[in-house]
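Subject: Handover of a structure and notes on what was found

Dear colleague,

I am passing the structure below to you for your studies. Please keep it open while you read the notes that come after it.

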Amino acid sequence: MEGYHKPDQQKLQALKDTANRLRIGSIQATTAAGSGHPTSCCSAAEIMAVLFFHTMRYKPQDPRNPHNDRFVLSKGHAAPILYAVWAEAGFLPEVELLNLRKITSDLDGHPVPKQAFTDVATGSLGQGLGAACGMAYTGKYFDKASYRVFCLLGDGELSEGSVWEAMAFAGIYKLDNLIAILDINRLGQSDPTPLQHQMDVYQKRCEAFGWHAVIVDGHSVEELCKAFGQAKHQPTAIIAKTFKGRGITGIEDKESWHGKPLPKNMADDIIQEIYSQIQSKKKILATPPQEDAPSVDITNIRMPTPPSYKVGDKIATRKAYGQALAKLGHASDRVIALDGDTKNSTFSEIFRKEHPDRFIECYIAEQNMVSVAVGCATRDRTVPFCSTFAAFFTRAFDQIRMAAISESNVNLCGSHCGVSIGEDGPSQMALEDLAMFRSVPMSTVFYPSDGVATEKAVELAANTKGICFIRTSRPENAIIYNNSEDFQVGQAKVVLKSRDDQVTVIGAGVTLHEALAAADLLKKEKINIRVLDPFTIKPLDRRLILDSARATKGRILTVEDHYYEGGIGEAVSSAVVGEPGITVTRLAVSQVPRSGKPAELLKMFGIDKDAIVQAVRGLITRA
């Protein structure tokens, strides 16, 4: 077989011994913690032993070295065996395994990136393979390096559609540096898995998605060595028939043991039994990697030139996003773009035209697109920007949530927000997206209102840690800022003010332009309003909002193309809560909308210039 050299009997026995030590470590850790998943660990013991001590190439004292092979534990509940591996490799002290799940330890119940050997957090099942696809795509097409990516999945998570989105992606892009290992241990959390041990069905499914698929005895180190030694020009799926709780007498292949540690007396007996099978205490040294990954610097990426817009000219912020991203692509060859077959609507097609080798078409699979972006961003290899209709990011909320737990630096641009998209109707209108992205920990939410602000948002997002969301609109609106205008995260803009402003009106995107139009109408009635552009909805410029409110008799009016819940109005309300003498009145979309012309819909849902005029009059009259 091409590239395969059968290990000698001594090496095979050493791998068996290693697998049993990993079993012992997993059982000890979970019993000490009083919780965890020892049976899920034990089914994967031989897989992990062969992977880390025969197949993979890495530096055990430098887990995040860019040259290392990558490993993703998609079945994150088997974290104790991952920790046992790194103790076996000498990176963790073995005694630390006994601190599993303690508040004083970094060894959480599921893998998280505060552990140097964890690139992406897992535990919400079905997401590891998508991230592994991003790592493999980066290795093959951007780094052009020899490191490989290994992903261990459980059979329970193979019911998740996101797994098959990732399988399709890897097949389409022929990610021959990606190896998925399916731990088919037959049992799920509460029941057997739907296919149990129908190995041929798993094989046919993988092959249908363009993978080379091989069935192995997952407890035979020799079969695993052989399977990992095959080189193919397509992604490889190693379908390992295993037994849950392997090596635990009386529990192996039995239901009702998922997520249950062994009681101490039982654990002691089982450990003694497993220990008696170990022939040598000698540990296998890891094989170092080939050092051919390029050196990369993604810090301080700046636009090559300032914006070149003209005040008064009209452009949709979605188009300004595409132009800005293409421009940023000239500043760094590590800026990449991903899209879900909406590139001619989000205008990421401008980036594709100028930088075709750095554009990843993810097709209509938004969950996988986010996971791929997270994988691409690991180890600071790239600066990914994903785009689709903002409404369609809602189906990827779990992936976005896990990206935040992964401390990932990914940028997401959602276009076609609000009722202002018009005739397409409510299924295409993002009206929950601000609420969703505001709730993500450490996120930054940009809502630019013209082309200049959009270009600045793209540049800032590339240099801002955490999850960044840029909300863009479909209608064309006037440029209101000079090209030299300075924008910063958390700094709002006073777009219009006078000495005797009566109300502070806060709008963003289309509603900022409606507020400016309302100001013109109110001026004829000798009523002046102060108009604020928040620029970032999170963090919000609390100080400027409060200063403006105090200068306008404590009156704030928010207007937004979003539902009432979780949007600009609630963000402003929470920013000023407890401040004496300040009232917030909110205008937002109050029910599920319908098709219509943009202007008709803004009017119908009370967020157009006339609604603002009426609300301002009401506030003044009430006073």
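The notes below describe a strand, its sheet, a helix across them, and then a single residue. Please bear in mind that this is a predicted model.

I begin with strand S7, which covers residues 335–339. Five of its five residues are buried, so strand S7 is largely enclosed by the rest of the structure. In a regular strand, side chains alternate between the two faces of the sheet. Both faces of S7 are covered. On one side lie Val-335, Ala-337 and Asp-339, and on the other lie Ile-336 and Leu-338; all of these are buried.

Which strands does S7 pair with? Strands of a sheet pair through backbone hydrogen bonds, and the pairing may be parallel or antiparallel. S7 is joined by five bridges to strand S9 (residues 383–389), and the two run parallel. Within S9, Val-383 is the bridge partner of Val-335, while Pro-384 stands opposite Ile-336. S7 is also joined to strand S8 (residues 359–361), here by three bridges, and this pair runs parallel as well. In S8, Phe-359 stands opposite Ala-337.

These strands belong to an open sheet of seven strands with mixed pairing, in the order S8-S7-S9-S10-S12-S11-S17. At its edges are S8 and strand S17 (536–538), each of which pairs on one side only. From one strand to the next, the twist averages 20°.

A helix accompanies this part of the sheet. Helix H13 (residues 366–377) lies across S7, S8, S9 and strand S10 (411–415). Its direction is at about 170° to S9.

Finally, I turn to Gln-28, which is found in helix H1 (residues 9–33). Asn-483 lies 455 residues from Gln-28 along the chain, and the C-alpha atoms of the two are separated by 62 Å.

Yours sincerely,
A colleague

Note on methods:
Residues are numbered from 1 along each chain as its sequence is written. This is a predicted model: local features need pLDDT of at least 70, side-chain atom pairs count only at pLDDT 80 or more; totals for chains, interfaces and linings use all residues. Side-chain values use heavy atoms; hydrogens and water are left out. Helices (H or I, at least four residues) and strands (E, at least two) are DSSP runs, numbered from the N terminus. Buried means under 20% relative accessible area, exposed over 50%, partly exposed in between (1.4 Å probe, protein chains only). Two strands pair if DSSP finds at least two bridges between them. Axes are lines fitted to C-alpha atoms, for helices over the stretch in contact, and angles run from 0 to 180 degrees between N-to-C directions. Contact means heavy atoms within 4.5 Å.
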